[in-house]
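Please read this briefing with the sequence and the structure side by side. The notes are grouped by topic.

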Amino acid sequence: MANIKSAKKRINVAEKKRVQNTAVKSEIKTFLKKFEASVIAKEVDNATELLKTCSGLLDSAATDGVIHKNKASRQKARLAKKLASINVA
């Protein structure tokens with residue numbers, strides 16, 4: 001356990017950030033699962049709306065440093081590719 005006051009503060013801050021980051025990642029995963037389900041069901045309108053939501057969540061998470069910006073970009077590209085595949089079919 002830390003003895004210095006600033007080290008104790010950092011422990012508290014790190015724990016709060018960990019909880020917050022976990023919540024953000026969980027929300028992203030939830031919407032990604034919803035998107036996948038609507039793609040499998042071939043619901044184009046619902047999938048389009050979910051793609052917008054997922055893109056926004058990924059962008060904000062990347063901006064806040066929760067995930068890396070390249071990971072956000074890669075996931076958005078893959079989601080758009082899946083949506084395009086059901087639009088063509």
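With which residue does Glu49 form a salt bridge, and how far apart are the closest N and O atoms? The partner of Glu49 is Lys52, and the closest N and O atoms of the pair are 4.0 Å apart, where a salt bridge is defined as a side-chain nitrogen of Lys or Arg within 4 Å of a carboxyl oxygen of Asp or Glu.

This is a predicted model, in which local features need pLDDT of at least 70 and side-chain atom pairs count only at pLDDT 80 or more, while totals for chains, interfaces and linings use all residues. Residues are numbered from 1 along each chain as its sequence is written, and side-chain values use heavy atoms, with hydrogens and water left out.

**Salt bridges**

- Helices are DSSP runs of H or I with at least four residues, numbered from the N terminus.
- Glu49 counts as partly exposed because its relative accessibility is 46%, whereas Lys52 counts as exposed because its value is 57%; buried means under 20% relative accessible area, exposed over 50%, and partly exposed in between, with a 1.4 Å probe and protein chains only.
- Arg18 pairs with Glu15, with the closest N and O atoms 2.7 Å apart, and both residues lie in helix H1, three residues apart, about one turn of the helix.
- Arg18 is partly exposed at a relative accessible area of 47%, and Glu15 is likewise partly exposed at 38%.
- Asp59 forms a salt bridge with Lys76, the closest N and O atoms being 2.8 Å apart. This pair links distant parts of the chain, since Asp59 lies in helix H2 and Lys76 in helix H3, 17 residues apart.
- Asp59 is partly exposed, with a relative accessible area of 35%, and Lys76 also counts as partly exposed, at 26% relative accessibility.

**Nonpolar core**

- The largest nonpolar core has 18 residues, of which Ile28, Phe35, Ala47, Leu58, Ile67, Leu79 and Leu83 touch the most other members; such a core is a set of buried Ala, Val, Leu, Ile, Met, Phe, Trp, Tyr and Cys residues joined through side-chain atoms within 4.5 Å.
- H1, H2 and H3 each supply at least two residues of this core, and the largest share, eight residues, comes from H2.

**Positive surface patch**

- Lys25, Lys29, Lys33, Lys71, Arg74, Arg78 and Lys81 gather in a patch of positive charge on the surface, where a patch is made of residues with over 30% relative accessible area and no salt bridge, like charges being joined within 9 Å.
- The elements that give two or more residues to this patch are helix H1 (5-40) and helix H3 (69-88), and H3 gives the most, with four residues.
- Lys25, one of the patch residues, has its place in helix H1 and is partly exposed, with a relative accessible area of 38%.

**Loop and chain contacts**

- Lys42 is placed in the loop between H1 and H2, where its phi is near 60°, a positive value in a residue other than glycine, and Lys42 is exposed, with a relative accessible area of 55%.
- Lys52, placed in helix H2 (residues 44-64), has its C-alpha atom separated by 9.8 Å from that of Ala80, 28 residues apart along the chain.

Terms used
Patches are made of residues with over 30% relative accessible area and no salt bridge: like charges are joined within 9 Å, nonpolar side chains (Val, Leu, Ile, Met, Phe, Trp, Tyr) within 5 Å. Accessible areas come from the Shrake-Rupley method with a 1.4 Å probe; for residues, only the protein chains shown count as cover. Lys and Arg count as positive and Asp and Glu as negative; His and the chain ends are not counted. The place of a charge is taken as NZ of Lys, CZ of Arg, CG of Asp or CD of Glu.
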